[in-house]
Each structure stands twice: as structure tokens, then as C-alpha cells.
Amino acid sequence: MKKKQVLLSVMGWTREDEDRPDIVRLLTTGTLTGDKENWRIDYTETQPDNESHDVTLTLGGGVVTMQRTGPMGTSMVFEQGKRFEGSYRTPYGDLDMGVYPTHVKYQVDEAAEGRVDLTYQLDLQGQFAAVHEMRIRFCPAGKA
């Protein structure tokens, strides 16, 4: 498949303890490239303060990787049941980060429609931070 423009709906939930979840929603456009086995999604995420971050998701072999640029940049690997350790960049310095995915699922078809579903526990500096869920839906940009 050549590069295809897609419309993405990104929703994220964060749960700390038993509190109500904080929900973040983003609607944006991006590009999808790949084949039946491996896919790449690139999009730009704009924060309420107008700060932008480029995000790249790669999907293949049951594994989702995410790279996010900018002042709050990070790389994460989501493989169900396997802990990933890395760092989370902040304006105040880097934090040690651990990600333990409990649900990793994605689906992409040749028509450039698909989804990415992630649930994971996030630890910062060795301490539990929250449980996160991310749901990404996408379709060809002219179809929505």
C-alpha cells in the first residue's frame, strides 16, 4: 500500500486508584503505510496549550511501538504480558518509566480502516502511576 491519508480518532483513559477516569479525545489526520503484516501510522498530536508532538505507531507481529517527539517525548513498546522499561522526557528532566501491557490488539485492512486497542499499567520512578487505556480508530480521510 502506498501512503494513504487517514482520519484518526484517539481516545485515552487514565485511572489512578478508584477515581473516575480522566478522558482525552483527539481527532486528527495522519498517514498510513504498510502491508498485510506491518503497518505504520504517523500523526501530529496538538495539546490544549497548542504544543505539538509527532507520533509514530508501528504495528507488526502482535507488537505496537509508539514514538512521541517533543518536550514530553518517549518511546514505548506494547507486547502483551511483557514489561517495557524506558524513559519519559519532561521539561524538568527524564523519568524512569515502566509499561506493562495487559491488552494489545490491532487490526488494519487494505482499505486503510482499522483500530488499535491498548491497556497498560504505567510506573514512573518505580512507583505505580496509573492504568491507561488507548483506543485509536482510523479510516481513509475522504470516507468519514
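Tutor: Happy to! Let's begin with the hairpin of S5 and S6: 5 residues lie between its strands, and Gly-70 there has a positive phi near 105 degrees. Strands here are DSSP runs of E, at least two residues long, numbered from the N terminus. This is a predicted model, where local features need pLDDT of at least 70, side-chain atom pairs count only at pLDDT 80 or more, and totals for chains, interfaces and linings use all residues. Residues are numbered from 1 along each chain as its sequence is written, and side-chain values use heavy atoms, with hydrogens and water left out.

Student: In what sense do S5 and S6 pair, and over how many bridges?

Tutor: They pair in the antiparallel sense, over 5 bridges; pairing requires that DSSP finds at least two bridges between two strands. Within this pair, Val-64 stands opposite Phe-78 in S6.

Student: Which residues of strand S6 are on its covered face, and which on the uncovered one?

Tutor: Strand S6 (residues 74–78) has Thr-74, Met-76 and Phe-78 on the covered face, with Ser-75 and Val-77 on the uncovered one. In a regular strand, side chains alternate between the two faces of the sheet.

Student: Back to S5, then. Is Met-66 buried or exposed?

Tutor: Met-66, in strand S5 (residues 63–68), counts as buried because its relative accessibility is 7%. The cut-offs are under 20% relative accessible area for buried, over 50% for exposed and partly exposed in between, with a 1.4 Å probe and protein chains only.

Student: What is Met-66 in contact with, leaving aside its neighbours within four places in sequence?

Tutor: Its contacts (heavy atoms within 4.5 Å) include Val-55, Leu-57, Met-76, Phe-78 and Met-134.

Student: New topic: which residues have a positive phi although they are not a glycine?

Tutor: Ala-112 is one of them, with a phi of about 70 degrees, and Gln-125 is another, at about 55 degrees. Ala-112 is in the loop between strand S8 (93–108) and strand S9 (114–124), while Gln-125 is in the loop between S9 and strand S10 (127–140).

Student: Is each of those buried or exposed?

Tutor: Ala-112 is buried, with a relative accessible area of 0%. Gln-125 is partly exposed, with 46%.

Key: Helix = DSSP H or I, 4+ residues; strand = E, 2+ residues; numbered from the N terminus.
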